[in-house]
Amino acid sequence: MGSLSGRRIVLGVTGSIAAYKSAHLVRELVKAGAAVRVVMTPGAKEFITPLTLGTLSGHPVHSELTDDRDAGTWTDHVELGLWGDAVLVAPVTAHTMAGMVEGRGDNLLLTVLLSAKCPVVIAPAMDRDMFTHPATSDNLKTLRNRGVHVIDPDTGELASGLSGKGRMAEPERIRKELTAWFKSQAPLMGYHALITSGPTFEPIDAVRFIGNRSSGQQGAAIALELARRGMTVDFISGPSSIPTDHPGVRRVDVGTALEMKAAAESALRLTPPDAIIGTAAVADVRPAHPIEGKAQKSDLPASLDFVANPDILASLNAAAPGACFKVGFALAHGDGKEAALRKLTEKGCDMVVLNSITDKGAGFGHTTNRVDFVHGPQRIDSFELKTKEAVATDLAEVVQKQLLQRTPTSNSPED
Ligand SMILES: Cc1cc2nc3c(=O)[nH]c(=O)nc-3n(C[C@H](O)[C@H](O)[C@H](O)COP(=O)(O)O)c2cc1C
């Protein structure tokens, strides 16, 4: 796996003499596993041809807002901006930086930068006097304040014959800084989580079921937070309409506990997880004799026999790699600390997240939750009532700390 494996990079190239280094940069990025789409300013084409960058990136290069005037087609700058995990502009000229600061959209690259939702990284390249000009310094400061990451230019001999700061960083340094920057943005890149979420519906017949009031909100918030930190998440969801749209979330929708178990076990076999988070409210029992088709009212039995459902979390934990960090959820009525501590050992968890339906605003159906992180009898961390997203952040912090401090396993990502 390359250090930029799976990363999608929109590479903007502008009209600097350093544009010749872009060929080398594309190769560096592609070799490190990134998918690269090149966008050139019209000025950049004076210095290097689209054919060179298109060949090296393996994709057509975009440089014009309109593709074919007669056909009325255009390059979709919004789509390009959304596709990338980052837009890297290397080299970036003084002119393009000024356009970024002013929010101009008079070429394709500037419109991509205006519509991009992903982070932006720039590698300035220019003559020493252009670089030290107050206009350039101010523009760089503004861009930094807006969250743009700047890869500082080198000091040395410049194309103008002058010597000083302004030479674009070498492609290898750009690749290394980009990798380190991605890592800081997504510290759990390369790690895997397996999450079960939502309720399960256990059929009485084809239309009736035994279920519970779990909405799947907490599990979805955790999946999204871990994916934002770079994890690939296998998300096994019982019936829930809460979306989990993120490229890092691989979602499988199931209905019953048995389906959830099968889907989770298959995900675990395919990708041994670094963390298991069992948020699902799995029905403890299911009707022993579900009726095929829709039963008539008169055919419904007066009472139902139940059989116990398997304990999904316990069996996943038992099958998981030893270094995997295992988290269970416990929903209590009243103070459930004793039950949570029991669950910790009975299910082989490293931590149990305890929430209680008797806490106002906590548990099923609310957008907020109040939880305790139960690590053991000596360590129970209590939190105040907060949004389920904020609870997900607290939990992700614990997962992150655990994974980054553990002894690396063969399954762990490379540096
Ligand atoms: C030979 C030559 C080299 C240039 N090198 C640079 C450069 O390194 N950095 C820069 O900011 N501008 C440089 N320029 C000026 C830019 O090409 C000019 O500002 C252009 O409008 C940039 O357009 P763009 O940012 O849309 O690509 C150079 C111009 C020429 C003719």
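**Ligand shell, cysteines and local features of the predicted model**

The side chains of Ser-63 and Lys-45 make a polar contact of 2.9 Å. A polar contact is a pair of N or O atoms within 3.5 Å; within protein, one must be able to donate a hydrogen and the other to accept it, and residues adjacent in sequence count only if both atoms are side-chain atoms. The model is predicted: local features need pLDDT of at least 70, side-chain atom pairs count only at pLDDT 80 or more, and totals for chains, interfaces and linings use all residues. Residues are numbered from 1 along each chain as its sequence is written, and side-chain values use heavy atoms, with hydrogens and water left out.

Ser-63 sits in the loop between H2 and strand E3 (66-68). Helices (H or I, at least four residues) and strands (E, at least two) are DSSP runs, numbered from the N terminus. Ser-63 counts as buried because its relative accessibility is 10%. Buried means under 20% relative accessible area, exposed over 50%, and partly exposed in between (1.4 Å probe, protein chains only).

The protein as a whole comes next. Its secondary structure comes to 13 helices and 23 strands. Of its 415 residues, 50% count as buried. Along the principal axes, the C-alpha atoms fill a box of roughly 90 × 55 × 40 Å.

The ligand is surrounded by 14 residues. The closest are Gly-15, Thr-41, Thr-93, Ala-94 and Thr-96. A residue is near a molecule or strand if one of its heavy atoms lies within 4 Å of it. By class, the shell holds six nonpolar, eight polar and no charged residues. Here Ala, Val, Leu, Ile, Met, Phe, Trp, Tyr, Cys and Pro count as nonpolar, Asp, Glu, Lys and Arg as charged, and the others, Gly among them, as polar. Helix H4 (residues 94-102) gives the largest share of the shell, three residues.

Thr-41 places a polar side-chain atom 2.6 Å from a ligand oxygen. For Ala-94, a polar backbone atom is 2.8 Å from an oxygen atom of the ligand. Thr-96 has a polar side-chain atom 2.5 Å from a ligand oxygen. Taken alone, the ligand exposes 640 Å², and the protein buries 63% of that. Accessible areas come from the Shrake-Rupley method with a 1.4 Å probe; for residues, only the protein chains shown count as cover.

Cysteines were examined for pairing. A disulfide is a covalent bond between the sulfur atoms of two cysteines. The criterion used is a pair of cysteine sulfur atoms within 2.5 Å. By this rule the count is zero. Cys-349 is in no disulfide, and the nearest cysteine sulfur, that of Cys-324, is 10 Å away. Cys-349 is buried, since its relative accessibility is 9%. Cys-118 also counts as buried, at 12%.

Helix H12 spans residues 337-346, with Ala-340, Leu-341 and Leu-344 buried. Seen down the axis of H12, its buried residues fall within an arc of 100°, so they line one face of the helix. The arc is that of the directions from the helix axis to the C-beta atoms. An α-helix has 3.6 residues a turn, so residues three or four places apart point the same way. The face of H12 turned away from the buried side carries the exposed residues Glu-338 and Glu-346.

A cis peptide bond joins Ala-90 and Pro-91, with omega about 0°. Most peptide bonds are trans.

Further residues show how sequence separation and spatial separation relate. Leu-51, in helix H2 (residues 50-57), is exposed, with a relative accessible area of 66%. Leu-51 and Lys-326 are 275 residues apart in sequence and 51 Å apart in space, C-alpha to C-alpha. Asp-154 lies in strand E8 (residues 154-157) and is buried at 19%. Between Asp-154 and Pro-301, 147 residues apart in sequence, the C-alpha distance is 80 Å.

Trp-181 belongs to helix H8 (residues 171-185). Its relative accessible area is 8%, so Trp-181 is buried. Phe-329, in strand E18 (residues 325-332), is buried at 11%. Phe-329 and Ser-315 are 14 residues apart along the chain, and their C-alpha atoms are separated by 15 Å.
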